[in-house]
Amino acid sequence: MAVSAFLTDATVCIGCKACEVACKEWNHIPADGFNFTGKSYDNTDSLGHSTWRHVMFLEQPAALGPQITGTEDPFRWLFLSDVCKHCGNAGCLEACPTGAIVRTEVGSVFVQPDVCNGCGYCVVSCPFGVVDKNHEVGTAFKCTFCYDRQREGLMPACAKACPTRSIRFGELDEMREHGLARVEELQRRGYSDARIYDPKDTSVGGTHAMFVILGEPEAYNFPPAPEVPTIHLKSAWTAALISALVVVLVVCLAFVL
Amino acid sequence: MSAQKQISEDRLDAIREQAARTGIVQDNGIVPSSSPFPKPALESSYHGNPVLKPPTWTWQVPLYFFVGGVAGVSTLIALVAHVVGNAGLERTELWVGFAGALLSAPLLIADLGRPARFLNMLRVFKLRSVMSVGAWTLSGFSSAVGLAFVCHEIILAGYGNEFLLLLEWVAEVFAALSGLILASYTSVLLGVTAIPVWSENRKLVPAIFLTGAMGSAAAILEFFGFLVPVTQSIGIVASTFEIVLAIFIEARGRYVDRPLREGAVGWLTRAGSVLAGPTSLLLRGFWGHTPGLRYAAASCFVAGALIARFAWIAAGRVSSRDPQALFEIQRRDRNVTPAA
């Protein structure tokens, strides 16, 4: 099977939350209840064990490309559907001690629900804060990239439900190309701060869920340069080894002297 | 503010101007400051939301960090005691190590979301997963210290032979080595995560955890009546290390270390350092020859080391909530200029 990817485009998202609904229905994810956050129209708040698509609502004092808003100060209202990034080098996958988290043949990162024992190490190892533990069920959950649907040749539920094709789904290389072309087109049309979010030059090594965004990634809570925590294995173990040698030395000296 | 402001066209214009300028009008008893009125802002994070998820670990985990650390260093002391021929100390430390191993597994398992699936930890071995290395280390350590303990007791009961003695040596060496990994991997476990305060202190936490484990192992020996120079020396060194490490964190004054210095968790961290560091050291240095105060010094150190484990987990929770700590590190590492 081909390696697939999402390309989610903030410039055509209308904030309808069809992706959230489709995701919940297809995957039988429990409801979260009604929480009023006061964060624009976003009452979903963040990705979590029961939220695998999350539509963000950003209100910014900036111009939306060449558009004229008629307000005294520039203003724009942006929407973007966030999702698990399915990293090229995934922190959760590397951290998982049971082998419950695997890389599938479509390139996605999948948590096998019958293997996970709920140790919670993937939760603190995800550089994007996506994977989350459900304390009732006791195991970790996140976007499955609709692995079940993809195996049957269907596109993920969120991409299928999206009315504006803000969520595109296809082969990884194709999506990456399409994203770059889209950014180029947007910039030509006056959206000078359009960019693609796909951290390829960090240890994450690119993602299988890329985003076309306007402005800085931080405004979408996207880490500007996410790293896989395991790049620090060597320095941390070296420090542990040196500390352990000091302990051995102290104990031996305490007996000898 | 006067409630009787002259209503005029000018006043209405002023209200409109204020609303347009500040996005909010607070007057005449209307205080919508905490109301969810949209206020456009080029925020440096998404509505101030955390980027990361907080650690899900319950109280069993920091307690396990402590118990595992003490058990690990205790077996090292048992081995050294065996080498120098201190039989009394060796036996006690094997007891402590064995008891710690027996206590560690239930603590670790109790924290799992699905405790019945603990054995899934042993279906793979992943060097890149510190949690996997830890699960295997605990299994190996428990077996080794259990074997050493049983051999030792059989030999003491008078049923010893050369094979048992050799087996005890092998088990003790293996227990001491795996014990050191057991006492230190927990710090690597924290260091190799996305949580800023843990990750940025990945070279420091091993020293903190091992110092705490070493001092606590000596302190627990003192509880068993070993008010000897060995435990006194280890205790003095451990407390001195505690002081140096605490001063280092305070003096560095980094933004990412704020959870260790500020708020309730900051004070918890400091309380742990003060107990295990200066308090224990002073009690030892001046009144170490008085048994009562020697016990007090040992108690202070154990309490301080235990508090430190809880404080580090809590600091991770605080740190995970601060998107700016994460962004700052990544901009620094990549030389990316901050958002305008």
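Modeller: A residue counts as buried if 20 or more other C-beta atoms lie within 10 Å of its own, as exposed if 12 or fewer do, and as partly exposed in between. The model is predicted. By that criterion Ser40(A) is partly exposed, because 19 other C-beta atoms lie within 10 Å. Ser40(A) sits in the loop between helix H1 (18–27) and E2 of chain A. From its C-alpha atom to that of Leu233(A), 193 residues apart along the chain, the separation is 40 Å.

The loop between H1 and E2 of chain A also holds Asp45(A), which has 16 C-beta neighbours inside 10 Å and therefore counts as partly exposed. Most residues other than glycine have a negative phi. Asp45(A), however, has a positive phi, near 80°. His86(A), likewise not a glycine, has a positive phi of about 45°. This residue is placed in the loop between strand E3 (76–83) and H2 of chain A, and His86(A) counts as buried because it has 27 C-beta neighbours inside 10 Å.

Turning to the meeting of the two chains, 63 residues of chain A are in contact with 68 residues of chain B. On the chain A side, two or more residues each come from strand E2 (53–60), helix H2 (91–95), helix H3 (121–125), strand E6 (132–133) and helix H7 (233–256). H7(A) gives the most to this side, with 15 residues.

Chain B itself contains 12 helices and zero strands. Its radius of gyration is 27 Å, well over the 20 Å that the globule rule gives for 340 residues, so chain B is more spread out than a compact globule. The C-alpha trace of chain B spans about 105 × 50 × 35 Å along its principal axes. Of the 340 residues in chain B, 49% are buried. Among contacts in chain B with a separation of 6 or more, 73% join residues 24 or more positions apart.

Two helix pairs show how chain B packs in detail. In one of them, helix H3 (residues 87–111) and helix H4 (residues 130–159) of chain B have axes that come within 9 Å and cross at roughly 145°. The crossing of H3(B) with H4(B) is left-handed. Residues of H3(B) that meet H4(B) include Leu94(B), Phe98(B) and Ala101(B), and those of H4(B) that meet H3(B) include Phe141(B), Val145(B) and Phe149(B). This contact divides into 10 nonpolar residues, five polar and one charged.

In the other pair, the axes of helix H8 (residues 229–252) and helix H10 (residues 263–287) of chain B come within 8 Å and cross at roughly 140°. H8(B) and H10(B) are therefore oblique to each other, and their crossing is left-handed. The contact draws on Gly235(B), Ile236(B) and Ile243(B), among others, from H8(B), and on residues including Ala276(B), Gly277(B) and Leu281(B) from H10(B). By class, the residues where H8(B) touches H10(B) comprise six nonpolar, seven polar and two charged.

Note on methods. Residues are numbered from 1 along each chain as its sequence is written. Chains are lettered from A and ligands numbered from 1 in the order in which they are written. This is a predicted model: local features need pLDDT of at least 70, side-chain atom pairs count only at pLDDT 80 or more; totals for chains, interfaces and linings use all residues. Helices (H or I, at least four residues) and strands (E, at least two) are DSSP runs, numbered from the N terminus. The radius of gyration is taken over C-alpha atoms; the globule rule is 2.2 Å times the number of residues to the power 0.38. Two residues are in contact if their C-beta atoms, placed from the backbone, lie within 7 Å. Axes are lines fitted to C-alpha atoms, for helices over the stretch in contact, and angles run from 0 to 180 degrees between N-to-C directions. Angles under 35 degrees count as roughly parallel, over 145 as roughly antiparallel, 65 to 115 as roughly perpendicular and the rest as oblique. A crossing is left-handed if the near helix is turned anticlockwise from the far one by less than a right angle, and right-handed if clockwise. Ala, Val, Leu, Ile, Met, Phe, Trp, Tyr, Cys and Pro count as nonpolar, Asp, Glu, Lys and Arg as charged, and the others, Gly among them, as polar.
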